[in-house]
There are 2 protein chains.
Amino acid sequence: MNYERENIQAMHGYEPGEQPDQPDIIKLNTNENPYPAGPAVASALKGITVDKLRRYPPPTAMALRQSLAQLHNLSTDNLVVTNGGDELLRLLLATFVEPDERIAIAEPSYSLYEVLAAAHGCALDRIALNSDWSLPADFAARLNQLGTKLCFLVNPHAPSGVLTPAPVLEKIAREFHGVLVIDEAYIDFVDPSLQHSCMSLVRTLDNVLILRTFSKGYSLAGLRMAYGIGAASLINPMQYKTKDSYNTDFIAQTLAKAAIDDQAYARWTWEQVREQRSWLNAQLSALGFSAPPSQSNFILAKVPDNLSAETLYNGLKASGILVRYFRIPGLEKSLRISIGTAQENQKLISALQALLGSS
Amino acid sequence: MNYERENIQAMHGYEPGEQPDQPDIIKLNTNENPYPAGPAVASALKGITVDKLRRYPPPTAMALRQSLAQLHNLSTDNLVVTNGGDELLRLLLATFVEPDERIAIAEPSYSLYEVLAAAHGCALDRIALNSDWSLPADFAARLNQLGTKLCFLVNPHAPSGVLTPAPVLEKIAREFHGVLVIDEAYIDFVDPSLQHSCMSLVRTLDNVLILRTFSKGYSLAGLRMAYGIGAASLINPMQYKTKDSYNTDFIAQTLAKAAIDDQAYARWTWEQVREQRSWLNAQLSALGFSAPPSQSNFILAKVPDNLSAETLYNGLKASGILVRYFRIPGLEKSLRISIGTAQENQKLISALQALLGSS
């Protein structure tokens, strides 16, 4: 007999990016940081013994939240730590959206959002981005017309890498009657000279929730750690009611705290990624690719008109280089390429030159 | 403005057992294993470097599931690995129970079940256990009368420690029209001479789901690892649709596999706990306490008639020993005491002797 709920029977699961086992593959398909976590995290890892794992971990990750509060100049009441960003996104629906309510995204976006909506049983509306990947001017008005309870926006946007300025988001948040979630998974790679920050929004507005993750900026995708930043009225019900009681483990809390406490190392990796992003952009452009201006750790490279993105994806894969190809309208001419190390990026360009016959 | 869903606003969160920071406290309140994980796990932990954490972990924990499949003589399709037992319990509701359906528990039980039901928005029915902690003979019939979609049973039962024999559970599962979840969090501490096993139920019935955890038997509460065992038709929707896409992390998967692959060490800890359980039972009995026969790693000790359990709880706490006291009808005369090491148990008995004035 099938015991599944109707919405679960009807839905399709999330398709994770390829995670091949081969250690020699150049993996530029799932936006990991190309550099491992630094010496402070390595030292914290060495200090952990199995005896520390015998007992339950701190249920609300207080020590880590204290480090985060200091970093962001906020109170621990403004912070909830989650088992990866996925958990936070799911908690937002579980806490704030009734199954008969509607959520919205700007299209295209992270495909997990629609999987989460389907699992929760709520409706998902899609508002198309402008052709330059910016948000439509009437975005908030349209959310309100649709009766949207919660809206997910990724900023910098994925898969384009385009950054929406903070004042644009503030205007949307002030007009919008629901909860605005700003998924800042890639925020650490924004050029610091832009002085971009949405942090003041969570201090003044009670409907803005910012997501941050350790997966990209802090090189800890393998650990599953992320956090939400928002007004205490948004954070508390997730912290004390809807998250699993011990949702993050002792090792992950310890290493994440070490990573946060060593900002200098993390910033060094972000700077390397930005330098390589510039280099890769120039090289791709020389090969006839075009890309929107990315403030993220990936580039959405549109292939030259006479070429097929899927053919190039397969050609790179045959050369031991994985990038991301989306069979999605509007993206079928592009490859999303994560920024690797200088050596990896060089190999990518050489492989593309070979495939394009221009080496 | 309050954006919470109505059911979330109305509910109370789960109250975790006290997790004090003081390293010298004797902690017999949350049923952790008194022995740390063994040398195989310690060695696996030593082998992990930060470079392994840079990439996303295997999304379905395949290597660990292969070890589990071998241990239980099942297919990996019968196994889903979760971020602690809490995640599996929540997934069961998210996957199989509509918010307007009903679930049931045998009362008293793990207080998290009612928190999960409140967060999910479904109704929870309670069927009282007999005075000897056994299930009522008409349990399945009552579930069917109530229209129960899913029933949680802890076996061995918490907080009594009493084991329900497998044939009793099989009869219930065959009669019951919904999903029967057997929460075996404490199963590793059952006396092997009883030859108790419910594993044949998941091979023959498509409505039985068994929960196992690494928190107790494998001394890894700090890691948050558990797994569900059931027919592929029950496991698949959780594996591929409702669980977070990367729900368990690389370190946790690696250490859990090492723990499973070293059964001899884990069994040694279980044997120690059983020996200490016998010793503690005899000592408590000599002090005038009575307890149902426990097959778990705790004892539900009813205090002598003339004493107050709450006073004893506070007295022990003042002596640096934490046990669990429940302000719940039917349990207010009892203390739930986790089995510690021989030294810890000796100190508990000495402290009780002092408090009872019988030293």
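Me: How far apart are the end C-alpha atoms of helix α4 (residues 84-96) of chain B?
Reply: This is a predicted model, and helices here are DSSP runs of H or I, at least four residues, while strands are runs of E, at least two, numbered from the N terminus. The expected span is 1.5 Å times one less than the number of residues. With 13 residues, α4 of chain B should therefore span 18 Å, and that agrees with the computed distance between its end C-alpha atoms, 19 Å.

Me: What do the numbering and the cut-offs rest on?
Reply: Residues count from 1 along each chain as its sequence is written, while chains are lettered from A and ligands numbered from 1 in the order in which they are written. Local features need pLDDT of at least 70, side-chain atom pairs count only at pLDDT 80 or more, and totals for chains, interfaces and linings use all residues, with side-chain values taken from heavy atoms, leaving out hydrogens and water.

Me: How many residues of α4(B) are buried?
Reply: Buried means under 20% relative accessible area, exposed means over 50%, and partly exposed is in between (1.4 Å probe, protein chains only). The helix is largely enclosed by the rest of the structure, because the buried count for α4(B) is 13 of the 13.

Me: Which kind of ring pair do A:Tyr110 and A:Tyr113 make?
Reply: Rings of Phe, Tyr and Trp (its six-membered ring) pair if their centres lie within 6.5 Å; planes under 30 degrees apart are stacked, over 60 edge-to-face, and the rest tilted. There are 22 aromatic pairs over all chains. In this one, the centres are 5.5 Å apart and the planes of A:Tyr110 and A:Tyr113 sit at 80°, so the pair is edge-to-face.

Me: How many residues apart in sequence are the parts tied together by B:Tyr218 and B:Trp270?
Reply: Their ring centres are 5.7 Å apart with planes at 85°, so B:Tyr218 and B:Trp270 pair edge-to-face. B:Tyr218 is in the loop between β7 (208-213) and β8 (226-230) of chain B, and B:Trp270 is in helix α11 (residues 263-286), so the pair ties together parts whose separation in residues is 52.

Me: Which residue's charged end sits over the ring of A:Phe298?
Reply: A charge sits over a ring if NZ of Lys or CZ of Arg is within 6 Å of the ring centre and within 35 degrees of the ring normal. Here the charged end is 5.6 Å from the centre of the A:Phe298 ring, and it belongs to A:Arg336.

Me: Which residue of chain B does A:Thr30 touch?
Reply: A:Thr30 is buried, because its relative accessibility is 8%. Contact means heavy atoms within 4.5 Å. Not counting residues up to four places away in sequence, A:Thr30 touches several residues of chain A, including A:Gly17 and A:Arg336, and also B:Tyr56.

Me: Which three residues supply 14% of the area that chain B buries against chain A?
Reply: Buried area is the accessible area (1.4 Å probe) that two parts lose on being put together, summed over both. The two chains bury about 6,400 Å² between them, 53% of it on carbon and sulfur atoms. Supplying more of chain B's part than any other three residues are B:Tyr3, B:Arg54 and B:Tyr56.
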